[in-house]
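Please read this report alongside the sequence and the coordinates.

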Amino acid sequence: MKKETIKILLDKYFQAATTLEEERQLKEYFSRQGEIPPSLLPYAPLFQDFGEAGKALPPLPDLVVLPQHKSAFRRNYRAIAAALLILISTLLWIEFQPSAKNNPVAESIDWSKYEVQSPEEAFEVTRSAFIKVAQTMDQSSQSSSLAAKNLETLTRVMNIN
Amino acid sequence: MKTLLPLFFLGLFWQSPLSAQTSNINAIDAYFSQYVDDERFSVVYVSSRLFELMKSAAVPELRSKEDKEKNDLLRYFEGIQGLRVLRTDETPELFYAEAKKKIDTKLYETLMTVREKSGKNTEFLIKSNDKNNKVQELLLLSGSPEEFVLLSFVGNLDLEDISKFAKEISENK
């Protein structure tokens with residue numbers, strides 16, 4: 001093939017306008033070593049096979065499947081959920097506590113100021129209080145039995161009439 | 001996640017025994033606290049420690065075999081763990097009416113009400129212990145033209161014991 005024809009084909013090649021046939025011709029031309037004019041030698045490597053050297057290239061390594069790194073959230077979502085539940089429970093528990101805040105005065109009583117000093121005194125106080133309770137209860141039962149008796153009499157009188 | 005749900009609900013509804021105790025104490029303390037430092041009121045408190053001492057043999061004066069009344073009374077005191085008394089003779093009827101309004105009737109049920117011709121009104125309120133059918137607290141509210149008294153017995157009280165004692169008093173009159 002003439003040098004001029006090759007030059008035209010090269011121009012077309014660099015304009016990406018060559019056909020497959022033309023590229024095959026270029027390849028064939030530049031594969032004939034020793035016949036290439038020095039002005040075209042710089043283009044030769046573009047169309048030459050790598051030959052044996054190409055075959056000697058080391059094989060590509062197998063694709064290594066890297067372990068999928070889960071995000072920190074996905075890895076620990078159970079722990080995060082548990083922590084949140086505990087936090088919410090604690091907050092709710094604190095919220096519904098009948099605390100001293102709701103009843104500030106209740107916590108402020110210092111009963112020791114009013115505490116009786118000896119077991120004997122305590123006995124007397126408790127005795128008086130207990131007797132007061134018992135007497136009132138007794139009084140109440142007496143009045144209710146009196147009321148019941150009165151009601152009974154009333155019913156009897158009404159029945160007679 | 002399924003295993004965590006019961007824990008969540010447990011945490012939500014769990015109330016410690018301490019908190020339950022606090023709520024019980026607060027109902028009556030709230031009223032006492034209002035007048036406990038008021039000069040018009042006299043206040044007496046008998047702690048559980050003193051009740052323990054009374055019941056133990058540590059005080060021989062209270063353990064005299066000859067004094068039957070004391071021995072009987074100590075038997076009745078068995079379930080009592082504390083006593084608080086609040087008393088005044090200034091505007092007693094007003095304090096009685098106010099106390100009746102302020103005592104939380106959701107916590108206490110009325111055991112009996114006594115109204116006398118003299119104008120004296122007495123109300124017994126109890127807080128029951130569901131576990132053993134005993135009374136956790138017995139509250140006596142009494143108001144007359146002469147005095148206002150608020151008595152609070154706490155512990156594990158047996159109402160039968162009190163009414164038995166009331167009968168004994170009546171028989172010994």
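The sections below describe a predicted model, beginning with the sheet of chain B.

## The sheet in chain B

Chain B contains an open sheet of six strands in the order β1-β2-β6-β5-β4-β3, with antiparallel pairing. Strands β1 (42–46) and β3 (109–115) of chain B each have a single partner strand and stand at the edges, so one side of each lacks a neighbour in the sheet. From one strand to the next, the twist averages 10 degrees. Helix α3 (residues 48–55) of chain B lies across β1 and β2 of chain B and runs at about 120 degrees to β2(B).

Strand β6 (residues 148–157) of chain B is largely enclosed by the rest of the structure, because eight of its ten residues are buried. The cut-off behind this is a relative accessible area under 20%.

Strand β2 (residues 80–88) of chain B is joined to β6(B) by eight bridges, and the two run antiparallel. Across this pairing, G82(B) stands opposite V154(B), and V85(B) stands opposite L151(B). Strand β5 (residues 134–143) of chain B is also antiparallel to β6(B), with eight bridges joining them. Here G143(B) is placed opposite F148(B). β5(B) and β6(B) make up a hairpin, with four residues between them.

## Salt bridges

Over all chains, a search of the whole structure finds twelve salt bridges. One of the pairs is K127(B) with E137(B), whose side chains meet at 3.4 Å, N to O. K127(B) belongs to strand β4 (residues 121–129) of chain B and E137(B) to strand β5 of chain B, so the pair ties together parts ten residues apart in sequence. Both K127(B) and E137(B) are buried. In chain A, salt bridges with shared partners link E21(A), R24(A) and E28(A) into one network.

The side chains of D38(B) and R40(B) also form a salt bridge, at 2.8 Å from N to O. D38(B) has a relative accessible area of 18% and is buried, whereas R40(B), at 36%, is partly exposed.

R127(A) and E124(A) form another salt bridge, their closest N and O atoms being 3.8 Å apart. These two residues are three apart in helix α7 of chain A, so about one helical turn separates R127(A) from E124(A). R127(A) is partly exposed at 23% relative accessible area, and E124(A) counts as partly exposed at 38%.

S140(A) is located in helix α7 of chain A, which spans residues 119–160. Is this serine, S140(A), buried or exposed? With 14% relative accessibility, S140(A) counts as buried, because the cut-off for that class is under 20%. Leaving aside residues up to four places away in sequence, S140(A) touches M112(B) and V114(B).

## A nonpolar patch on chain A

F73(A), Y77(A), I80(A), L84(A), L87(A), I88(A) and L91(A) make a nonpolar surface patch of about 680 Å². Helix α6 (residues 77–95) of chain A supplies the largest share of this patch, six residues.

L91(A), one of the patch residues, lies in helix α6 of chain A. Its relative accessible area is 54%, so L91(A) is exposed; the cut-off for this class is over 50%.

Definitions and conventions
Residues are numbered from 1 along each chain as its sequence is written. Chains are lettered from A and ligands numbered from 1 in the order in which they are written. This is a predicted model: local features need pLDDT of at least 70, side-chain atom pairs count only at pLDDT 80 or more; totals for chains, interfaces and linings use all residues. Side-chain values use heavy atoms; hydrogens and water are left out. Buried means under 20% relative accessible area, exposed over 50%, partly exposed in between (1.4 Å probe, protein chains only). Contact means heavy atoms within 4.5 Å. Patches are made of residues with over 30% relative accessible area and no salt bridge: like charges are joined within 9 Å, nonpolar side chains (Val, Leu, Ile, Met, Phe, Trp, Tyr) within 5 Å. Accessible areas come from the Shrake-Rupley method with a 1.4 Å probe; for residues, only the protein chains shown count as cover. A salt bridge is a side-chain nitrogen of Lys or Arg within 4 Å of a carboxyl oxygen of Asp or Glu. Two strands pair if DSSP finds at least two bridges between them. Axes are lines fitted to C-alpha atoms, for helices over the stretch in contact, and angles run from 0 to 180 degrees between N-to-C directions.
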